[in-house]
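Welcome! Have a look at the sequence and the structure, then read on.

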Amino acid sequence: MRVGIVGVGGMGSTHAAAWNTTPARIAGFMATTEEHAQPLADQYGARVFPDLAAMLADVDVVDICTPTHLHHDMVMQSAAAGRHVVCEKPLARTVADGQAMIRHCQQAGVKLFVAHVVRFFPEYAGAKQAVDAGQVGDVAVVRLKRDVFRPRKARDNWFLDFERSGGMILDLMIHDFDYARWVAGDVATVYCKHIGDPSISPGDHGLAILTHRSGAISHVEGSWAYPPPTFRTEFEIAGSQGLILHSSEATAPITQRMHAAGGDAAGDVPLPSSPLLESPYAGEIRAFYDAIVHDAPVPVTAGDGLAALQIALAAIASTQTGQPVRLDPLPEVLT
């Protein structure tokens, strides 16, 4: 399997290291200029492609690690060439673009994997397994928090361009929108408030309340407002039979609190989880590799990526109108 990676920033480098743990061969890289791509090409013994068309002629899989607004055209071109696609999150900048990308990949018969890496972190995966096993009962309230520092101001930093990135809500909070939906099911309404630099809509700090069709409620907080090098995450999953807690800053990062039969408190119970033996990025790429080799469904579907995008854009719309936004069910063929 030959892989071409488009984009050589932080994600392009991370995905290259992840692909290097699989039997696949990194055929080459593409970037804005050849000079940008050459160091990674040298590191992995690969070539530099002058453009996407040249790459498509020499690879089986395209891994797109470019700014969000470029995803649509690159996925469409890759699918037209019959190449399987990994696309960094968010899937697209608009729901319409995301729907078109999915349909095009379906028609071309290629797999489209949206790289929502949080699902592959052991704490998040372990908590989801516990929920699926019924260990907390019916999920009622989910709280998710992701606090980081604002991307640095540099010449043409696309993260700080709302039209290209969607700002903090689309680029950062979408991680937890995806996880909330994974744990508590499809979302019916979204209400979101934000604060921050008005020149970078929709701000640096946001809190969204998701009402799930199951009746559960999720509180999702995201922030670019912390000083560097802050990066911390937290979650709580509360159900009728117990509570799962996680804090990246805690010594014991994940705890499960259960009720004994009869309603008496049973105290803390260790939550089984495997140690972090490999990078979550390596885990997600390996899962996609396996899906291609075995012609199996991808672990995070394009429909999952589309649903997370829909939630994030609804949150942005809510900050702009001050009103809750009701989500229309996505077409079943796209989920």
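## A friendly briefing

Strand β7 makes the biggest contribution to the lining of the largest pocket, giving 3 residues. Helices and strands here are DSSP runs numbered from the N terminus: helices are H or I with at least four residues, and strands are E with at least two. This is a predicted model, in which local features need pLDDT of at least 70 and side-chain atom pairs count only at pLDDT 80 or more, while totals for chains, interfaces and linings use all residues. Residues are numbered from 1 along each chain as its sequence is written, and side-chain values use heavy atoms, with hydrogens and water left out.

**The largest pocket**

- The largest pocket holds about 1600 Å³ of space.
- Its lining has 49 residues, and the closest to the centre are Gly9, Gly10, Met11, Trp158 and Phe159.
- Two or more lining residues come from each of α1 (10-19), α4 (71-80), α6 (122-132), β7 (139-149) and β11 (231-239).
- On a 1 Å grid over the protein atoms alone, a pocket is an open set of points where a 1.4 Å probe fits, with protein on both sides within 12 Å along at least five of seven lines; lining residues have an atom within 4 Å of a point.
- Grid points are joined across faces, edges and corners, and the volume is the space filled by probe spheres set on the points.
- The lining divides into 25 nonpolar, 14 polar and 10 charged residues. Ala, Val, Leu, Ile, Met, Phe, Trp, Tyr, Cys and Pro count as nonpolar, Asp, Glu, Lys and Arg as charged, and the others, Gly among them, as polar.

**The parallel sheet**

- An open sheet is formed by 6 strands in the order β3-β2-β1-β4-β5-β6, with parallel pairing. Two strands pair if DSSP finds at least two bridges between them.
- Strand β1 (residues 2-6) runs parallel to strand β4 (residues 61-64), and 4 bridges join them. Val3 stands opposite Val61 in β4.

**Strand β9 and its partners**

- Strand β8 (residues 187-195) and β9 run antiparallel, joined by 8 bridges. Cys192 has Ala208 in β9 as its bridge partner.
- On its other listed pairing, β9 is joined by 7 bridges to strand β10 (residues 217-226), again antiparallel. Here the bridge partner of Leu207 is Glu221 in β10.
- β9 and β10 form a hairpin with 4 residues between them, and Gly215 in the turn has a positive phi of about 100°.
- Strand β9 (residues 205-212) has a covered face of Gly206, Ala208, Leu210 and His212, and an uncovered face of His205, Leu207, Ile209 and Thr211.

**The nonpolar cores**

- The largest nonpolar core has 71 residues, of which Leu112, Val139, Phe177, Leu210 and Ile237 touch the most other members. Helix α11 (residues 302-321) gives the most to this core, with 11 residues.
- A nonpolar core is a set of buried Ala, Val, Leu, Ile, Met, Phe, Trp, Tyr and Cys residues joined through side-chain atoms within 4.5 Å.
- Another core, of 29 residues, lies apart from it and includes Ala16, Ala18, Ala41 and Val298.

- Leaving aside neighbours within four places in sequence, Asp171 is in contact (heavy atoms within 4.5 Å) with Thr68, Lys89, Pro90, Trp158, Phe159 and Ser165.
- His175 lies in helix α9 (residues 174-184) and is also buried, with a relative accessible area of 13%.

**Backbone details**

- A cis peptide bond, with omega about -10°, joins Lys89 and Pro90. Pro90 sits in the loop between β5 (84-88) and α5 (95-108).
- The peptide bond from Pro228 to Pro229 is cis too, with omega near 10°.
- Asp295 is not a glycine, yet it has a positive phi of about 50°. Asp295 is exposed, with a relative accessible area of 64%.

Technical notes:
Buried means under 20% relative accessible area, exposed over 50%, partly exposed in between (1.4 Å probe, protein chains only).
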